[in-house]
Amino acid sequence: MDFGLSERHLRVRETARRVAQEVVAPRAAEVDRTGAYPEDYFEAFRDSALLGLAFPEELGGSGEGTLGLAIAIEEVAKYCSSAGLMLLTTRLATAAISMAGTEEQRRRYVRGVAEGRLRGAFALTEPGAGSDAAAISTTAARDGDSYVLNGTKLWAGQATVADFVMVVAKTDPGAGARGVSVFLVDLPNSGFEIVRELPKMGVTGVPVVEIRLRDCRVPASALVGEENRGFRLVMRHLNVVRPLVASRGVGLAAGATQYALAYARQRRTFGRPLIEHQAIEFKLAEMAMDVEAARLLTYRAAWLVDQGHGDRDVAHFLSMAKAYASEVAVRASERALQILGGYGYLKDYATERYYRDAKQLTIVEGTSEVHRMIIGRALGDGLLDWGYDVEAAGGLPGEQ
Ligand SMILES: Cc1cc2nc3c(=O)[nH]c(=O)nc-3n(C[C@H](O)[C@H](O)[C@H](O)COP(=O)(O)OP(=O)(O)OC[C@H]3O[C@@H](n4cnc5c(N)ncnc54)[C@H](O)[C@@H]3O)c2cc1C
């Protein structure tokens, strides 16, 4: 067992750390305040080859895998959650294409995203269906060489600047999860309308929107994978992205912890630095334990995905990383704010922003409740086996 990063991944971290400190950190407060999509981040990510980290070299990437991208996301998310989300969308818009797309789709969309020529968005959630993804009501009807999409999508982060949107729709509306398909909608498209940007609490640099699909026609070649087989594809797609959401949580929690630590070493109350008061010292120690544990779960989850896993066999490990790291981010940001006292509550300092940004993480990409359902089901199905022998422990009550 080796807990160290490879030379290549250390280099990824160094590059991402430099971009985070030189480009992202100085602009993070302004991006939060204005809510304007930070094109300068995007250009820096493209110029430093961070957009292609997760993709193979033959598709314009650098082959650093999910782990490489997770490491980079952690670095930029230490300063700005929107920056982490921007890097994450390289996979949120493409993972299903990598898994089930045609050669042409891979060459066009995956290479385009890897090289920073295209930006994508992912549209699954609707006003009436989020966690229960099989309940979506957007339809896609075959019409000759086309599909015609109708419905409303909510959220779809980054859609305002996207060149294409991956839309999940029903091709057999009566068949539940067995009637779901995935489509790539190139923009602009006269049947695709962004109705409005949704005003949100944090992560303001990456807009989320309401989309209306009204007779939105796409060629039959826009279908990803097989018709009516999209539900499992979408679940695998989301699984692949989970370690990356987790790394946003690790980054935010690490940033909030280090910010609060620096303050606790400098601020004096009752004749000594805050950190020498045990209540504060223990709070920081708990934050540090949380960050380290979340990072280990996250790296393992990313490593599992890079080993080709992404299905039910490991879904609970991916869920653990996502749920735990996002909750660690919420806890750390709250504690950091508390350690700064009144200053923590001011918009002048980073802790107020960390606090607002963190909450999103427990909702997106499967809520904390949904991940507990996945982990709970795996426990019930015996997928988590720690080699415990109940008989050796004396059997269960009521057994003969
Ligand atoms: C900032 C932001 C960005 C987003 N970006 C995207 C995006 O790019 N693309 C996209 O498609 N979606 C996106 N989403 C949507 C997000 O994925 C959904 O909000 C999420 O899946 C939850 O769905 P919902 O909001 O419909 O809540 P619901 O599914 O209605 O759930 C409401 C509450 O009930 C709980 N709940 C639901 N079912 C159960 C159950 N069986 N047992 C216990 N509790 C349950 C949930 O955990 C939640 O707390 C984004 C959301 C946010 C906030």
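**Exercise 1.** Find how far apart the centres of domain 1 and domain 2 lie in this predicted model.

*Solution.* Start with the bounds. The domain assignment gives domain 1 as 7-114 and domain 2 as 120-228. It also gives domain 3, 231-380. Now take the centres over C-alpha atoms: for domain 1 and domain 2 they are 23 Å apart.

**Exercise 2.** Describe the contact between domain 1 and domain 2, by residues and by buried area.

*Solution.* Count residues with heavy atoms within 4.5 Å. Domain 1 brings 23 residues, and domain 2 brings 19. Next, take the area. About 1700 Å² is buried between domain 1 and domain 2. Carbon and sulfur atoms give 64% of that area. Tyr37, Gln105 and Tyr109 supply 30% of what domain 1 buries against domain 2, more than any other three residues.

**Exercise 3.** Which residues form the salt bridge across the interface of domain 1 and domain 2?

*Solution.* The rule finds one salt bridge across this interface. The cut-off is 4 Å between a Lys or Arg side-chain nitrogen and an Asp or Glu carboxyl oxygen. Arg108 and Asp186 form a salt bridge, with their closest N and O atoms 2.9 Å apart. Polar contacts are counted too: ten residue pairs link domain 1 and domain 2 in this way.

**Exercise 4.** Work out which elements and residue classes make up the side of domain 1 that touches domain 2.

*Solution.* H5 has the largest share, six residues. Now sort this side by class. It holds 13 nonpolar, seven polar and three charged residues.

Conventions: Residues are numbered from 1 along each chain as its sequence is written. This is a predicted model: local features need pLDDT of at least 70, side-chain atom pairs count only at pLDDT 80 or more; totals for chains, interfaces and linings use all residues. Side-chain values use heavy atoms; hydrogens and water are left out. Domain bounds come from an automatic or database domain assignment. Buried area is the accessible area (1.4 Å probe) that two parts lose on being put together, summed over both. A polar contact is a pair of N or O atoms within 3.5 Å; within protein, one must be able to donate a hydrogen and the other to accept it, and residues adjacent in sequence count only if both atoms are side-chain atoms. Helices (H or I, at least four residues) and strands (E, at least two) are DSSP runs, numbered from the N terminus. Ala, Val, Leu, Ile, Met, Phe, Trp, Tyr, Cys and Pro count as nonpolar, Asp, Glu, Lys and Arg as charged, and the others, Gly among them, as polar.
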